[in-house]
Amino acid sequence: IAGVKGGPDEGLGLVGQKMTIRGWVRTCRLQKTFTFIEVNDGSCLSNLQAVVQNDVEGYDAIESGLVTTGASVAIEGELIESQGAKQKVELKATKVTLIGGSDATTFPVQKKKLTREYLRTIAHMRPRTNTFGAVARVRNALAYATHQFFQEKGFVWVASPIITASDCEGAGEQFCVTTLIPNSHLDPTTKISDVPTTKEGVLDWSQDFFGKPAFLTVSGQLNAEIYATSLSDVYTFGPTFRAENSNTSRHLAEFWMIEPELAFADLRDDMACATAYLQHVVRHILDNCREDMDFFDKWVEKGIIARLQSVAEKDFVHITYTDAVELLTKAKKKFEFPVKWGCDLQSEHERYLTEEAFKGSPVIVTDYPKDIKAFYMRENEDGKTVAAMDILVPRVGELIGGSQREERLDRLEARIEELGLNKDSYWWYLDLRRYGTVPHAGFGLGFERLVQFATGIENIRDVIPFPRTPGSAEF
Ligand code: 4AD
Ligand code: MG
């Protein structure tokens, strides 16, 4: 259907062509001597309307009542100019084949407006709606544009592991991986006392498959650093996991992260790369997802296209953490959490900066206090701050977190000790500084937050096909 309706003439150039469309019925309206069937195949937002005279082959399926909303059909016919005002072309059917019937009275996605909360409970059906179809296509386009951007710049894509023994962020938000011994494999004479049991079997920590505690990765950064200090610029793009028990519209337990790592680079290079990347992907969807973006502009966030256009064109604001704190303390707005140098910025502060103080521009905040940032960030000359950067955007808040990495062995060792981390478990990370160290920098972008930013969808659960949040893993 995208192939027909996607052109600038909305299909007029294809009039006279014979074709078969396969898809799902959105509406089926019986008239006296013919029937209108609107079909959508997910390739675009638009439906294609088929006009089926009641003498065409297969019309009995329509009479049987099974060709209703939700049914799958194949319709053969010829594209003609439409008499209707709503579309330029329609399909004059010569044959209708019902592939899978549907019961309109029980089909869960009815025409009436369904709340996003309700649609989350039917995650197997929600991609049949306009909104979720559009989100899926824009998400796909953002992923494509991501690879395109980095590939064109010569970055090598690196697969970082999902199971790992190392803790990149040190924020204590890891899921632990353990071994399930199925009930059928248990020796009934063994006394199981200390190990947790489930209805499927026993979770045995002592026989751990990995020999020591293993976790689901919170970030592929440390692995990316290994490759960046061998292949120069690299990036990862894969799922990451955080066991934070927070029910917010910006947090998932499983989310996708894009983590570029630049060799022979400092924080300035990192900021420039992140800016160019964001501008590239935004431009890409404005150029290539026009129909879906118009839909978001009309139904989800008014003005989103203009907002994204300005993101693609204008420089981002840059402010240091210290200046941001000063600006926030002087703000007239009363915050729930008071701002003080040394405290992490809360989401209300982040949103104030990007939405109010800087009027919708993305804001790059740099040089955070070292005590609120991870161990690997490069210490600045002042001894108090690190070469960190976060990029904040309207509505979403923190979209990107990155930094220049500490490449000096003595400084990194000192920091690991200062924080009471186990130096032995970082032996390989320290080796990168021992053998041919280079200044390097990188960032992590939460892919779902990017999709939120690009579509205007308020809740992060609605921009990933199957959200994983506390208590939800059904689909
Ligand atoms: O700021 P974070 O924790 O940074 C890192 O993990 C670094 N190792 C990245 C790097 O330098 N290579 O996470 C990076 C981004 C955040 O800015 C946010 O967009 C996203 O990941 N993020 C989440 N997205 C959804 N749900 C969560 N629970 C998220 N936690 C972080
Ligand atoms: Mg962060």
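User: How are α6 and α8 oriented to each other?

Analyst: This is a predicted model. In it, the axes of helix α6 (residues 267-288) and helix α8 (residues 304-313) cross at roughly 140° and come within 8 Å. Angles over 145 degrees would count as roughly antiparallel, so α6 and α8 are oblique to each other.

User: Which hand does the crossing of α6 and α8 have?

Analyst: The crossing of α6 and α8 is left-handed.

User: Which residues make that contact?

Analyst: From α6 there are Leu-278, Gln-279, Val-282, Arg-283 and Leu-286. From α8 there are Ile-305, Leu-308, Gln-309, Val-311 and Ala-312. Seven residues of the contact of α6 with α8 are nonpolar, two are polar and one is charged.

User: On to α4. At what angle do α4 and α13 pack?

Analyst: Helix α4 (residues 130-152) packs with α13 at about 120°, and their axes are 10 Å apart. The range for roughly perpendicular runs from 65 to 115 degrees, so α4 and α13 are oblique to each other. α4 passes α13 in a right-handed crossing.

User: What meets what there?

Analyst: Val-135, Val-138, Arg-139 and Leu-142 in α4 meet Leu-450, Val-451, Ala-454 and Thr-455 in α13. By class, that contact of α4 with α13 has six nonpolar residues, one polar and one charged.

User: And α7, how far apart are its axis and that of α4?

Analyst: The axes of α4 and helix α7 (residues 290-299) are 10 Å apart, at an angle of about 130°. α4 and α7 are therefore oblique to each other. Here the crossing is left-handed.

User: Which residues of α4 and α7 meet?

Analyst: α4 brings Asn-130, Ala-134, Arg-137 and Val-138, and α7 brings Asp-292, Phe-295 and Phe-296. The contact of α4 with α7 has four nonpolar, one polar and two charged residues. Val-138 is listed for α4 in the contact with α13 and also in the contact with α7.

User: Switching to the ligand. How many residues surround ligand 1?

Analyst: There are 24 residues around ligand 1, and the closest are Ser-219, Gln-221, Gly-401, Gly-444 and Gly-446.

User: Which elements supply at least two residues of that shell?

Analyst: They are β13 (254-263), β17 (397-404), β18 (440-446) and α13 (447-455). β17 gives the most, with six residues.

User: What classes do the shell residues fall into?

Analyst: Eight are nonpolar, nine polar and seven charged.

User: Last topic, the domains. Where do they run?

Analyst: The domain assignment gives domain 1 (2-100), domain 2 (133-161 + 222-462) and domain 3 (175-217).

User: How many Å separate the centres of domain 1 and domain 3?

Analyst: The separation is 55 Å, with the centres taken over C-alpha atoms.

Terms used: Residues numbered from 1 in each chain as written. Chains lettered and ligands numbered in written order. Predicted model: local features only at pLDDT ≥ 70, side-chain atom pairs only at ≥ 80, totals over all residues. Near = placed C-beta within 6 Å. Helix = DSSP H or I, 4+ residues; strand = E, 2+ residues; numbered from the N terminus. Nonpolar A, V, L, I, M, F, W, Y, C, P; charged D, E, K, R; others polar. Axes fitted to C-alpha atoms, helices over the stretch in contact; angles between N-to-C directions. Parallel < 35°, antiparallel > 145°, perpendicular 65-115°, else oblique. Left-handed = near helix turned anticlockwise from the far one by under 90°. Contact = placed C-beta atoms within 7 Å. Domains from an automatic or database assignment.
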